[in-house]
Amino acid sequence: MTNQPSLFLHNSFSGHKEKFTPQNADRVTLYVCGPTVYSYAHIGNARAAVAFDQLYRVLRTLYGEAHVLYARNFTDIDDKIIAAAKQSGEDISAITDRFTKIYRQDMGALGVLTPDIEPAATDHIPQMQDVISRLLAKGHAYAGEGHILFDISTYDAYGRLSKISQDEMIAGARVEIAPYKKNAADFVLWKPSQGDEPGWEAPKDWGIQGRGRPGWHLECSAMIEAAFDGAIDIHGGGQDLRFPHHENEIAQSCCAGDLGDVPLARYWLHNGFLTMGDGKMSKSLGNIVLPHDLLQEWDGEVIRWALLSAQYRQPLVWTQSLLQQSKKQLDRFYRVLQDLSDVAAADMPTPPAILAPLCDDLNSPEAMAAMHALRDGLARATDRAVAKGELLAAGAILGVLQQNPEQWFRGKASGGFEDAEIEALLAERITAKADKNYARADEIRDLLAAQGITIEDSKTGTKWRRG
């Protein structure tokens, strides 16, 4: 698209911020590692989903919606899923289907757009086996006690993404030392399945027998190849995936395919860690925060705004006060839109003041600051239809201001009165005032105030909102 700013992204592979130039501007490709669907996503998972949704929105703005192809996978075969099935007594597919649906619903509530492709690992077993066969044929993989392993000594570029040596990899305790490995850092491409564990028959030419299942790292390589057929423009994921997952993806894909000097993706992006107050979020500390739970109390736009409050590569400290501040900021935007409810917004493109910081390595805090300035300038705008349109366009690329202001201020019922109950009390209050029963009218106001319901009387009628 013409007259658009250039996009600059920090490439984890090079360690530098670089101008983004796609291989083909008519087909910009993006792949992001998705969830392992055995339980609810936590807020750290949601940060990745929102961060790369923000990138997806920027790419669609720059290149056109029809010219961006975004894939985010679902890992639906994994040791954690098998353990969850054994613990619950449920069929594996029942667990993965349920949590896939919940993930889509929860991320959708955060304004995360549905990717163009959502491949599932179990739908790509033949493709995974084909990748393994090619690696075996080229001498990059070997069999050992029912496993197929990747031999990292055959790939000189191994470690260039994570910037760590093989000795450091082994010392990092993130590799499994086993007698069937040639090198301690060799990783599993295929593992044997025991008893009632899910599995698929290994091809006869592999040199192993029996049922088995793919290693986690292999899944993404096969799904990327199936979705895009070659090197891709951008690969994204959390910082914790940089090693070993993404490092292993590069090794598999480059050795099995014909990618030349491209390390699977031409740009590698990793979002930063999210911490809880002063510490890291962990199950052992009992401080896991789930978007599924947060959505019972907070609107998804509040959670999204909070997640975008730090630039995606920077650490983000998650607190209750961050959510409260995010709600207050969005309230200010929605009050302006409420005041302009009689103005038909002009159809406007994304304002340059918003797009420019987002094109600078997705600098969402700067974009949010520019959005505040847009809102403040509305009071001085000579053309309110254009000004309102610009504010809504700014909200659209950030994934907020997607609701009717009246509904926004009514908010969510969380243990208090439901909407219908509030409406009934307000109707009773109107009747009480008409009957000059001011004591009852005041009693209703106080009753609603105690539940956090604010009443706003005006010449045009009575409005209410939560908070």
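This is a predicted model: local features need pLDDT of at least 70, side-chain atom pairs count only at pLDDT 80 or more; totals for chains, interfaces and linings use all residues.

Colleague: OK, how many residues does the largest nonpolar core have?

Modeller: It has 79 residues. Those with the most contacts inside it are L55, L59, I303, L307, W318, M371 and L398.

Colleague: And which helix gives the most to this core?

Modeller: That's α1, residues 43-63, with 12 residues in the core.

Colleague: What is M371 in contact with, leaving aside its neighbours within four places in sequence?

Modeller: Quite a list: W305, F333, I354, L391, A394, G395, L398, V400 and L401. Apart from the 79-residue core lies another one, of 46 residues, with M128, A251, C255 and L259 among them.

Colleague: Switching to strands. In what order do the strands of the open sheet come?

Modeller: The order is β4-β3-β10-β11, 4 strands with parallel pairing. β4 (68-72) and β11 (265-271) are the edge strands, each pairing on one side only. From one strand to the next, the twist averages 20°.

Colleague: How many bridges join β3 to β10?

Modeller: There are 3, between residues 28-32 of β3 and residues 232-238 of β10. As for a specific pair, V32 has G236 as its bridge partner in β10.

Colleague: Which helix packs on the sheet there?

Modeller: Helix α7, residues 242-256, which touches β10 and β11. The direction of α7 makes about 160° with that of β10.

Colleague: New topic, α2. Which of its residues are buried?

Modeller: In α2, which spans residues 79-88, the buried ones are I81, I82, A84 and A85. Looking down the axis of α2, they fall within an arc of 160°, so they line one face of the helix.

Colleague: Why would residues three or four places apart point the same way?

Modeller: Because an α-helix has 3.6 residues a turn.

Colleague: What covers the buried residues of α2, and which exposed residues are on the face turned away?

Modeller: The cover includes α3 (92-109) and β9 (211-214). On the face turned away from the buried side, α2 carries the exposed residues K86 and Q87.

Colleague: Last one: what caps the N-terminal end of α2, and what follows the helix?

Modeller: D78 is the cap, with a side-chain oxygen 2.8 Å from the backbone nitrogen of K80. After α2 comes G89, with a positive phi near 80°.

Note on methods. Residues are numbered from 1 along each chain as its sequence is written. Side-chain values use heavy atoms; hydrogens and water are left out. A nonpolar core is a set of buried Ala, Val, Leu, Ile, Met, Phe, Trp, Tyr and Cys residues joined through side-chain atoms within 4.5 Å. Buried means under 20% relative accessible area, exposed over 50%, partly exposed in between (1.4 Å probe, protein chains only). Helices (H or I, at least four residues) and strands (E, at least two) are DSSP runs, numbered from the N terminus. Contact means heavy atoms within 4.5 Å. Two strands pair if DSSP finds at least two bridges between them. Axes are lines fitted to C-alpha atoms, for helices over the stretch in contact, and angles run from 0 to 180 degrees between N-to-C directions. The arc is that of the directions from the helix axis to the C-beta atoms. A polar contact is a pair of N or O atoms within 3.5 Å; within protein, one must be able to donate a hydrogen and the other to accept it, and residues adjacent in sequence count only if both atoms are side-chain atoms.
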